[in-house]
Amino acid sequence: DDINVNDEVQISGQISLTKNGTILLIAESIQYVGNGNMPDQLKKWRKEHYELIHRNKKSLPPVCHSIALISNESIHGYGDFCSTLKTGQFDLFSTKMQGANVSEDIALQISEINVRGGYDCIVIVRGGGSPNDLFEYNHPTLLLAIAKSKIPVITGIGHEADYLLCQAA
C-alpha cells in the first residue's frame with residue numbers, strides 16, 4: 001500500500017543536531033500505522049450499508065444460558081466479561097482481536113458458531129482502543145456476518161464514546 005498524506009506512520013531511525021542547529025532525521029524504517037482517510041471510508045461504508053445497519057435486529061431470549069464468546073483471554077475486555085457474567089455459561093472462540101484482517105477472522109468465527117449451533121447468543125468482546133485499533137470493527141465483512149447470523153450477536157467493543165458500525169449491525 002502507498003502511504004498518503006494524513007496517514008499515520010511510525011518512523012525509526014536516528015536524530016542528529018547539526019552545527020547550525022538544524023535537526024536531521026535519518027529514517028531507517030517507516031511502518032504504516034493507520035489510514036488518515038478513515039473518516040471518509042467510514043462515511044462511505046455507513047452509506048453503502050445503511051439498510052444493513054438500520055434493519056430490524058434479532059431479539060435476544062430473556063436469559064441467555066448458552067453463550068458463544070468471541071474474544072481472547074489476553075485482553076482486558078475478556079476479564080471484564082468473565083467477572084460481570086452472573087448467569088449462563090459460555091464457550092470461548094478465541095481469535096485475535098487487533099490488527100489486520102480481524103474483521104475476517106471474527107466473521108469466520110460467527111459463521112462457524114452458526115454451523116455448530118446450540119447457542120442463545122454470540123458475544124464479541126474486545127474492549128477499548130485507539131480509532132486505528134478499532135477500525136477493523138467497521139469493516140463490511142463483519143457487518144455482513146453479524147447480519148447473516150441466525151444467532152443474535154451482541155458486541156462489547158470500545159468505550160462509551162466509541163461508535164463502531166458493528167455495534168449498529
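Which helix holds both lysine 44 and glutamate 48, and how many residues apart do they lie? Both sit in helix H1, which covers residues 38-48, and they are four residues apart, about one turn of the helix. Keep that pair in mind. One note before we go on: this is a predicted model.

So what do those two side chains do? The cut-off here is 4 Å, so the pair counts. Lysine 44 is partly exposed, with a relative accessible area of 45%. Glutamate 48 is partly exposed too, at 44%. The general idea is simple. Side chains of opposite charge can pair when their charged atoms come close.

How many salt bridges does the count come to? Three. Let's take the other two.

Arginine 116 meets aspartate 91, again through the side chains, at 3.9 Å from N to O. Arginine 116 lies in helix H4 and aspartate 91 in strand S4, so this bridge ties together parts that are 25 residues apart in sequence. Arginine 116 is exposed, with a relative accessible area of 54%. Aspartate 91 is partly exposed, at 34%.

Next comes aspartate 105 with lysine 96. Their side chains form a salt bridge, also listed at 3.9 Å, N to O. Aspartate 105 is partly exposed at 26% relative accessible area. Lysine 96 is partly exposed at 36%.

Now the sheet. In what order do its strands run? The order is S4-S3-S5-S6, four strands in an open sheet, with parallel pairing. Strand S4 (89-94) and strand S6 (153-157) are at the edges, and each has a single partner strand, so one side of each is left without a neighbour in the sheet. From one strand to the next, the twist averages 25 degrees.

Look at the middle of that order. Strand S3, residues 66-71, pairs with strand S5, residues 121-127, in the parallel sense, over four bridges. Isoleucine 70 stands opposite isoleucine 124 in S5. As a reminder, strands of a sheet pair through backbone hydrogen bonds, either parallel or antiparallel.

On to the rings. A search of the whole structure finds four aromatic pairs. Take phenylalanine 81 and phenylalanine 90. Their ring centres are 5.5 Å apart and their planes stand at 80 degrees, so the pair is edge-to-face. Is phenylalanine 81 buried or exposed? Its relative accessibility is 15%, so phenylalanine 81 counts as buried. Phenylalanine 90, at 25%, counts as partly exposed.

Here is another edge-to-face pair: phenylalanine 93 and tyrosine 119, 5.9 Å centre to centre, with 80 degrees between the planes. This one links distant parts of the chain. Phenylalanine 93 is in strand S4, while tyrosine 119 is in the loop between helix H4 (102-116) and S5, 26 residues apart. Phenylalanine 93 and tyrosine 119 are both buried.

Tyr78, Phe81 and Phe90 form one aromatic cluster.

One last stop. Find aspartate 80 in helix H3, residues 76-84. At 48% relative accessibility, aspartate 80 counts as partly exposed. Now find glycine 127. Along the chain, aspartate 80 and glycine 127 are 47 residues apart, and their C-alpha atoms are separated by 8.7 Å.

To recap: three salt bridges, an open sheet of four strands, and four aromatic pairs. Thanks, everyone.

Conventions
Residues numbered from 1 in each chain as written. Predicted model: local features only at pLDDT ≥ 70, side-chain atom pairs only at ≥ 80, totals over all residues. Heavy atoms only, no water. Pairing = 2+ DSSP bridges. Helix = DSSP H or I, 4+ residues; strand = E, 2+ residues; numbered from the N terminus. Axes fitted to C-alpha atoms, helices over the stretch in contact; angles between N-to-C directions. Phe/Tyr/Trp six-rings, centres within 6.5 Å; stacked < 30°, edge-to-face > 60°. Buried < 20%, exposed > 50% of the residue type's maximum accessible area, 1.4 Å probe, protein only.
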